[in-house]
Amino acid sequence: MDVQKFNIEIDGVEKEANVIKVLNLDNREFVVYSVDNGNETSDIMYSEIVKDAEGFDNLVDVNDNKIKERIIELVNVMMS
């Protein structure tokens, strides 16, 4: 299985992210991804996928606490 990768800027540093799962919750798309910390550990992160005016995907922070809780629950189930 090929791992989907994309570049993301975190705290002003360009990093490579690996897609773990794309979720569809309440007719919205979210991506769960890992970012290598360089010390044999990775951070698991998530963002909402939002299309811009030209139809390109953009990742935005999730601000809805209920959605955050649902994503965290799903990630915990996936990782257990």
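These legends walk you through several close-up views of a predicted model. Local features are described where pLDDT is at least 70 and side-chain atom pairs only at pLDDT 80 or more, while totals for chains, interfaces and linings use all residues. Residues are numbered from 1 along each chain as its sequence is written, and side-chain values use heavy atoms, with hydrogens and water left out.

**View 1. The sheet as a whole: five strands in an open arrangement.** Let us start with the sheet, an open one of 5 strands in the order β1-β2-β3-β4-β5, with antiparallel pairing. At its edges stand β1 (5–10) and β5 (57–60), each with a single partner strand, so one side of each has no neighbour in the sheet. On average, neighbouring strands are turned by 45 degrees against each other, direction ignored. Strands and helices here are DSSP runs numbered from the N terminus (E, at least two residues, for strands; H or I, at least four, for helices), and two strands pair if DSSP finds at least two bridges between them. As background, strands of a sheet pair through backbone hydrogen bonds, either parallel or antiparallel.

View 2. In the loop between β1 and β2 you will find Asp-11. This residue has a positive phi of about 55 degrees although it is not a glycine. Asp-11 is also exposed, with a relative accessible area of 77% (exposed means over 50%, buried under 20%, and partly exposed in between, using a 1.4 Å probe and protein chains only). Asp-26 is found in the loop between β2 and β3, and its phi is likewise positive, near 50 degrees, in a residue other than glycine.

**View 3. The hairpins around β3.** Strand β2 (residues 13–25) runs antiparallel to β3 (residues 28–36), and 8 bridges join them. Leu-25 has Arg-28 as its bridge partner in β3, and 2 residues lie between the strands of this hairpin.

View 4. Ser-47 has its place in strand β4, where it stands opposite Val-31. With 4% relative accessibility, Ser-47 counts as buried. Its side chain makes a polar contact of 3.0 Å with the side chain of Tyr-33. A polar contact is a pair of N or O atoms within 3.5 Å; within protein, one must be able to donate a hydrogen and the other to accept it, and residues adjacent in sequence count only if both atoms are side-chain atoms. Not counting residues up to four places away in sequence, Ser-47 touches several others, including Phe-30, Leu-59 and Val-62 (contact means heavy atoms within 4.5 Å).

**View 5. Glu-48, a buried residue with a polar partner.** Glu-48 also lies in strand β4. Its relative accessible area is 12%, so Glu-48 is buried. The side chains of Glu-48 and Arg-28 are joined by a polar contact of 3.0 Å. Leaving aside neighbours within four places in sequence, the contacts of Glu-48 include Asn-58, Leu-59 and Val-60. Strands β4 and β5 run antiparallel and are joined by 4 bridges, with Ile-49 standing opposite Leu-59 in β5.

**View 6. Helix α1 across the sheet.** Helix α1 (residues 65–79) lies across β2, β3 and β4, running at about 95 degrees to β2; axes are lines fitted to C-alpha atoms, for helices over the stretch in contact, and angles run from 0 to 180 degrees between N-to-C directions. At the start of α1, a side-chain oxygen of Asp-64 reaches to within 2.9 Å of the backbone nitrogen of Lys-66. The buried residues of this helix are Ile-67, Ile-71 and Val-75. Seen down the axis of α1, they fall within an arc of 70 degrees, so they line one face of the helix (the arc is that of the directions from the helix axis to the C-beta atoms). What covers them includes β2, β3 and β4. On the other side of α1, Asn-65, Lys-66, Glu-69, Glu-73 and Val-77 are exposed.
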